Amino acid sequence: MIIPTLDEEERIAATVDAAFAAGASEVIVADGGSSDATVARAEQHGAKVITGERMRATQLNAGARAASHEIVIFLHADTLLPRGAVAAVAEALQHAEFGGFRVEFLERTPGLLWTAFAINTRTRFSKTPWGDQAQFTTRETFLREGGYPEFPLMEDYAFAVRMKKRSVLLPLKVRTSGRRFLKKGLVWTTVLNWLIIVAYRFGVSPERLASWYRR
């Protein structure tokens, strides 16, 4: 289990606890230089912490290299795995090389319920689960494929597209925070996400896309 973090002291304990409850035998928190209590709280809850450069893709790749188990699940710091998740992943990887989970939001607003439905429907047809859907593979496959491209954005999408012909979507759901949708607005965030996807497919650089996303 690999979790990239940056100033996630309010959420990391619950995420690590849920990962262990889901069957993880190892949880690696790859921290990008948090200035709060993220590292201390992760360690208090049993995670192994490594520190390094502040870029999610770089942190995820470092976590995969440090992993001592064959199955790797990449988990956002505000995403909770369901019980039985690790066993379900192990079974899925008997006939696939990559996958993700369906999603539901921790905040149960009507708008986020609709958004989760749309994400799950899109993933069922596209076979490209995004990073907030707890992507998983084996460490051997991940390293053989070169890991995540070290982009400031879109690394999860790029890897999912590369692996889509070998992917599976699990029926289990991860619970993740809709904080960005709630902060920036549901409609605007959804539109921006799709504009970024289209722009990426037309060759706009991840660096420029990251500036749009974080504006």
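Guide: Two strands count as paired if DSSP finds at least two bridges between them. Helices (H or I, at least four residues) and strands (E, at least two) are DSSP runs, numbered from the N terminus. This is a predicted model, where local features need pLDDT of at least 70, side-chain atom pairs count only at pLDDT 80 or more, and totals for chains, interfaces and linings use all residues. Residues are numbered from 1 along each chain as its sequence is written, and side-chain values use heavy atoms, without hydrogens and water.

Visitor: How many bridges join strand 6 to strand 8, and do they run parallel or antiparallel?

Guide: Strand 6 (residues 98-105) is joined to strand 8 by 8 bridges, and the two run parallel. Within this pairing, Val 103 has Val 174 as its bridge partner.

Visitor: Which way does strand 5 run against strand 8?

Guide: Strand 5 (residues 79-80) runs antiparallel to strand 8 (residues 167-176), with 2 bridges between them. Here Thr 79 stands opposite Thr 176.

Visitor: What does the whole chain look like?

Guide: The protein chain holds 10 helices and 8 strands. Its radius of gyration, taken over C-alpha atoms, is 16 Å, close to the 17 Å from the globule rule (2.2 Å times the number of residues to the power 0.38), so the chain is as compact as a globular protein of 215 residues.

Visitor: What share of the residues is buried?

Guide: Buried means under 20% relative accessible area, with a 1.4 Å probe and protein chains only. Of the 215 residues, 52% are buried.

Technical notes:
Buried means under 20% relative accessible area, exposed over 50%, partly exposed in between (1.4 Å probe, protein chains only).
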